[in-house]
Amino acid sequence: MKSEKSIETAVTKYAKSQGCLCYKFVSPSNRGVPDRIIIGPTGKVLFLELKAPGKKPTPLQSHVIAQLRDNGANAYWADTVLESQTLIRCHLL
Ligand SMILES: [Mg+2]
């Protein structure tokens with residue numbers, strides 16, 4: 001079983017291979033923000049919360065994703081590398 005960490009590493013490698021910037025997202029005093037901010041080669045932005053396979057976002061993480069979407073941002077969560085790659089392709093490439 002893959003860990004969240006190994007998925008995050010693989011997704012970061014994929015994003016960079018496609019010309020994206022892939023930053024770890026930590027916002028002091030704002031718990032629950034997605035793990036990564038990924039910026040595509042034309043400036044489109046994706047917020048991505050990564051989970052271990054079979055795990056779901058916490059209620060707080062789901063709430064933050066909903067807030068980001070309400071403000072028009074692309075915000076998603078994924079528990080597989082394949083799903084993450086699809087999100088990157090669909091929203092950023
Ligand atoms: Mg996570």
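Me: What does the term "partly exposed" stand for when one reads relative accessible area?

Reply: A residue counts as buried under 20% relative accessible area and as exposed over 50%, with partly exposed in between. The model here is predicted. In it, I39 has a relative accessibility of 21% and therefore counts as partly exposed. This residue is placed in strand β2.

Me: Which residues does I39 touch, leaving out those up to four places away in sequence?

Reply: I39 touches C20, L21, Y23, K44 and V45.

Me: How many residues separate I39 and Q85 in sequence, and what is their C-alpha to C-alpha distance in space?

Reply: I39 and Q85 stand 46 residues apart along the sequence, and their C-alpha atoms are 13 Å apart. Q85 also belongs to the α3 side of a helix contact.

Me: How do the axes of helices α1 and α3 cross?

Reply: Angles under 35 degrees count as roughly parallel. Helix α1 covers residues 4–17 and helix α3 residues 81–92; their axes come within 10 Å and cross at roughly 30°. The two helices are therefore roughly parallel to each other. The crossing of α1 and α3 is right-handed.

Me: Which residues make this contact, and how do they divide into nonpolar, polar and charged?

Reply: From α1 the contact uses I7, A10, V11, Y14 and A15, and from α3 it uses V81, S84, Q85, I88 and R89. The residues of this contact divide into 7 nonpolar, 2 polar and 1 charged.

Me: Which residues coordinate the magnesium ion, and at what distances?

Reply: The coordinating residues are E4 (OE), D35 (OD), E49 (OE) and L50 (O), at 2.0 to 2.3 Å. Along the chain, the donors of the magnesium ion follow the spacing E-x30-D-x13-E-L.

Me: Is D35 buried or exposed?

Reply: D35 has a relative accessible area of 12% and is therefore buried. E49 is buried as well.

Me: Which residues are in contact with D35, leaving aside its neighbours within four places in sequence?

Reply: D35 is in contact with E4, E8, Y23, K24, F25, L48, E49 and L50. Among them, E4, E49 and L50 also coordinate the magnesium ion.

Note on methods:
Residues numbered from 1 in each chain as written. Predicted model: local features only at pLDDT ≥ 70, side-chain atom pairs only at ≥ 80, totals over all residues. Heavy atoms only, no water. Axes fitted to C-alpha atoms, helices over the stretch in contact; angles between N-to-C directions. Helix = DSSP H or I, 4+ residues; strand = E, 2+ residues; numbered from the N terminus. Parallel < 35°, antiparallel > 145°, perpendicular 65-115°, else oblique. Left-handed = near helix turned anticlockwise from the far one by under 90°. Contact = heavy atoms within 4.5 Å. Nonpolar A, V, L, I, M, F, W, Y, C, P; charged D, E, K, R; others polar. Donors = N, O, S within 2.8 Å, 3.2 Å for Na, K, Ca; no water. Buried < 20%, exposed > 50% of the residue type's maximum accessible area, 1.4 Å probe, protein only.
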